[in-house]
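Subject: Structure for your review

Dear colleague,

Please find below the structure that I am handing over to you.

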Amino acid sequence: MKGLIFDIKEFALHDGGGIRDTVFFKGCPLRCVWCHNPEGLSRERELYIRKARCTNCGLCRTPCNHPDCAPFGRCLHICPQNLISVAGQEWECDALAEHLLRHKAIFDETGGGVTLSGGEPLLQADFCEALLLRLSGKVHVAIETSGYASEEHFWKVISKCDLVMMDLKLASPTAHKEFTGVNNDPILQNAKRLQKSGKEHLFRIPRIPSITDTEENLRALAEIAGESPVELLSYNTMAAAKYPNVGREFSRRIGKTGFEGDPTKFFQNAVCRK
Ligand code: SF4
Ligand code: SF4
């Protein structure tokens, strides 16, 4: 079985405790206007060209029949500045598990492990399940997910993870649809399932100025989170620079200011994180 992965970040420090390898799954059903991984949105392999340094010399547009290049209509190997790559690499499940288990000793020593991230890993639920069957019991496995999935896909993956880090973005169904492109009902249902399950979990709230980071939304998300632990994440302003590299345009709808007080006061169990 093969999965499509757009990055593997080795020795990550902020994705679930200890030193971890984070696997970024390609494809996401959401289109959050603040997404900082535009190369993870499409479910297909795609060209990634670092446009800021491109001199537009045209060399990569010369016809090339190399099997790596033909599907993209560009030569991937000729750029004098090495600005062209492909976002998305197919991995066999056994090979990926073996690759990740190379660092088991470091994970064990630091209380770390493997984190499944994206994009949205649950979009490749069968592959995730197969990978987890190869990893569980050997290394600690965490998942970062939007929670947007059917109950079946959610549960088949979540049940095999040691820690679930799930986003809560917008409580209003209308605002959720407007700023992420999807209805939040499946997410709220899966959040309840997660809370009832007793599985170790954490809700993460991205603080997007004028969108998620408003008093009204924070209060409403605090109701949903209840006693569950919550991390409030600062907005990463570097996101916009990557959009042209995959031919996308960054939304200009994000405001300059958000909630100015201490947002943790609305929650029973929350911390802020940069
Ligand atoms: S070869 Fe490199 S510098 Fe020239 S157009 Fe292509 S990406 Fe730009
Ligand atoms: S859920 Fe995450 S990966 Fe998907 S669009 Fe939103 S921010 Fe990006």
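**The nonpolar core**

The largest nonpolar core has 54 residues, and those that touch the most other members are Ile-143, Val-157 and Cys-161. Helix H3 (residues 125–135) supplies the largest share of this core, five residues. Please note that this is a predicted model. As a general point, nonpolar side chains in soluble globular proteins tend to be buried together.

Around Ile-143, residues up to four places away in sequence being left out, the residues touched are Thr-115, Leu-116, Pro-121, Val-157, Ile-158, Cys-161, Val-164 and Met-165.

**The chain as a whole**

The protein chain contains seven helices and 11 strands. Its radius of gyration is 20 Å, which agrees with the value near 19 Å that a compact globule of 274 residues would have. Along the principal axes, the C-alpha atoms fill a box of roughly 60 × 45 × 35 Å. Of the 274 residues, 35% count as buried. If one takes the contacts between residues at least 6 apart in sequence, 74% join residues at least 24 apart.

**His-140**

His-140 belongs to strand E7 (residues 140–145). Is this residue, His-140, buried or exposed? His-140 counts as buried because 20 other C-beta atoms lie within 10 Å, and 20 or more are required for that class. Apart from neighbours within four places in sequence, His-140 is in contact with Phe-107, Gly-112, Gly-113 and Asp-162. Lys-160 lies 20 residues from His-140 along the chain, and the C-alpha atoms of the two are separated by 10 Å.

**Helix H7**

Helix H7 (residues 215–225) has the buried residues Asn-217, Leu-218, Leu-221, Ala-222 and Ala-225. Seen down the axis of H7, these buried residues fall within an arc of 140°, so they line one face of the helix. They pack against strand E9 (201–206) and strand E10 (230–233). The face turned away from the buried side of H7 carries the exposed residues Glu-216 and Glu-223.

Glu-215 is also located in helix H7. This residue, Glu-215, is partly exposed, because 13 other C-beta atoms lie within 10 Å. Although Glu-215 and Pro-263 are 48 residues apart in sequence, their C-alpha atoms are 8.0 Å apart in space. Just after H7, Gly-226 takes a positive phi of about 55°.

**The two ligand surroundings**

Which residues surround ligand 1? They are Ile-49, Cys-54, Thr-55, Asn-56, Cys-57, Gly-58, Leu-59, Cys-60, Cys-79, Gln-81, Leu-83 and Ile-84. This shell around ligand 1 divides into eight nonpolar residues, four polar and no charged.

Around ligand 2 are Cys-28, Leu-30, Arg-31, Cys-32, Cys-35, Asn-37, Gly-40, Leu-41, Gly-118, Gly-119, Glu-120 and Ser-146. The shell of ligand 2 consists of five nonpolar, five polar and two charged residues.

With kind regards

Terms used
Residues are numbered from 1 along each chain as its sequence is written. Chains are lettered from A and ligands numbered from 1 in the order in which they are written. This is a predicted model: local features need pLDDT of at least 70, side-chain atom pairs count only at pLDDT 80 or more; totals for chains, interfaces and linings use all residues. A nonpolar core is a set of buried Ala, Val, Leu, Ile, Met, Phe, Trp, Tyr and Cys residues joined through C-beta atoms within 7 Å. A residue is buried if 20 or more other C-beta atoms lie within 10 Å of its own, exposed if 12 or fewer, and partly exposed in between; C-beta atoms are placed from the backbone. Helices (H or I, at least four residues) and strands (E, at least two) are DSSP runs, numbered from the N terminus. Two residues are in contact if their C-beta atoms, placed from the backbone, lie within 7 Å. A residue is near a molecule or strand if its C-beta atom, placed from the backbone, lies within 6 Å of it. Ala, Val, Leu, Ile, Met, Phe, Trp, Tyr, Cys and Pro count as nonpolar, Asp, Glu, Lys and Arg as charged, and the others, Gly among them, as polar. The radius of gyration is taken over C-alpha atoms; the globule rule is 2.2 Å times the number of residues to the power 0.38. The arc is that of the directions from the helix axis to the C-beta atoms.
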